[in-house]
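Please walk through this model with me, one question at a time.

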Amino acid sequence: MSSFTETGLVKKLFDLNQSQQSIQTLSLWLIHHRKHHSIIVKTWLKELQRAPSAKKLTFMYLANDVIQNSKKKGPEFGREFEHVLVKAFKNVASSSPEPKTINSLNRILGIWGDRVVYEEPKIKEFSTALNGTETIPRVEVNGGEKKRKGESNASESEPVKKTRTAPSAEKKAAKSEVVEVNGKVETHITLSPHQPDGDPPEPEDLIKVILELENSASSDAAVRERIASLKPEVSELAALDKLEDKEAAMKLAAD
């Protein structure tokens, strides 16, 4: 690789484009010259501030690549970039960037948080510089929201709502009443006596009906005898149809 000079670095940053090959090639060159990390980061920030808005994201991609890939070699770049990233994010945010640029930068912040590239307080500081808030907005990915580590969907955090099935006709008619059983107060459920069509009646219902029939007026011997002694005009409905007016009815009732 070519020797390091500040002039050479400026030229390489000027020639940098958004292709993956361009970013990775320059990243490898910078990591190779990591002993110059201080001047590299200062020059990077200066050229970022000069760059047009459309190219600032490429500078941030370069920083991300250097920060993460240099960790195996040493912490120099991570520490050095940490001192200037707030200024960098503020500069990008003030350059009227496109929404997709902000989304891409928030995605980088999310990755840094997931991989603990920087501690959470520092990530919040970067987010505040970029978004004006410590909370990193969720990033739209292929029409959906990408979840970050530690995040969950609203549906996962909320209690699962069970779908209620329609109660049966029998349960709809259920009634409850408080009763005392052996000195203990309990809630007693009483179902409606009306059974669905085709279902046999409950034994208790049959007994109740039989008792009502046995105790009805027509079951009393005296009443039956009295009904039998009535004149045909009173006991037969056909005879009642022959009544012409109220006076005739009153006369019949008086007899």
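The questions below concern a predicted model.

Q: How many helices and strands does the secondary structure of the protein chain come to?
A: The model is predicted, and its protein chain has 255 residues, of which 28% are buried. Among contacts with a separation of 6 or more, 57% join residues 24 or more positions apart. The secondary structure comes to 15 helices and four strands.

Q: How many residues of the contact of H1 with H4 are nonpolar, polar and charged?
A: H1 contributes Leu13, Phe14 and Asp15. H4 contributes Lys55, Phe59 and Leu62. Asp and Lys count as charged, Leu and Phe as nonpolar. The division is four nonpolar, no polar and two charged.

Q: Which residues does Asp15 touch, not counting residues up to four places away in sequence?
A: Asp15 is found in helix H1. Its relative accessible area is 42%, so Asp15 is partly exposed. In space, its C-alpha is 9.9 Å from that of Leu26, eleven residues apart in sequence. With residues up to four places away set aside, Asp15 touches Ser22 and Lys55.

Q: What do the buried residues of H2 pack against?
A: Helix H2 covers residues 20–32, with 13 residues. It reaches 18 Å from its first C-alpha to its last, close to the 18 Å expected at 1.5 Å a residue. Its buried residues are Ser22, Ile23, Leu26, Ser27, Trp29, Leu30 and Ile31. They pack against H1, H3, H4 and H5.

Q: Which helices are included in what covers the buried residues of H6?
A: The buried residues in H6 are Leu85, Val86, Ala88, Phe89, Asn91 and Val92. Each of these has under 20% relative accessible area. Their cover includes H3, H4, H5, H7 and H8.

Q: How many residues apart in sequence are the parts that Glu82 and Lys122 tie together?
A: Glu82 and Lys122 form a salt bridge, with the closest N and O atoms 3.9 Å apart. That is within the 4 Å cut-off for a salt bridge. Glu82 lies in helix H5 (residues 76–82) and Lys122 in helix H8 (residues 120–131), so the tied parts are 40 residues apart.

Q: Which residues are linked with Lys122 in a network of salt bridges?
A: Lys122 also forms a salt bridge with Glu125, the closest N and O atoms being 3.1 Å apart. Both lie in helix H8, three residues apart, about one turn of the helix. Glu82 is partly exposed at 26% relative accessibility, and Glu125 is partly exposed at 38%. The residues linked with Lys122 are Glu82 and Glu125.

Q: Is Lys100 exposed or buried?
A: The side chain of Lys100 meets that of Glu98 in a salt bridge, at 3.7 Å from N to O. Glu98 has 46% relative accessibility and counts as partly exposed. Lys100 has 59%. The cut-off for exposed is over 50%, so Lys100 counts as exposed.

Q: What is the total number of salt bridges the structure holds?
A: One of them pairs Lys100 with Glu98. Another pairs Lys122 with Glu125. The structure holds seven.

Q: What value is phi of Ser96 near?
A: Ser96 sits in the loop between helix H6 (85–93) and helix H7 (99–114). Its relative accessibility is 65%, so Ser96 counts as exposed. Most residues other than glycine have a negative phi. Phi of Ser96 is positive, near 55°.

Q: Where does Val116 lie?
A: Phi of Val116 is near 50°, a positive value in a residue other than glycine. At 48% relative accessibility, Val116 counts as partly exposed. Val116 lies in the loop between H7 and H8.

Key. Residues are numbered from 1 along each chain as its sequence is written. This is a predicted model: local features need pLDDT of at least 70, side-chain atom pairs count only at pLDDT 80 or more; totals for chains, interfaces and linings use all residues. Side-chain values use heavy atoms; hydrogens and water are left out. Contact means heavy atoms within 4.5 Å. Helices (H or I, at least four residues) and strands (E, at least two) are DSSP runs, numbered from the N terminus. Buried means under 20% relative accessible area, exposed over 50%, partly exposed in between (1.4 Å probe, protein chains only). The expected span of a helix is 1.5 Å times one less than its number of residues.
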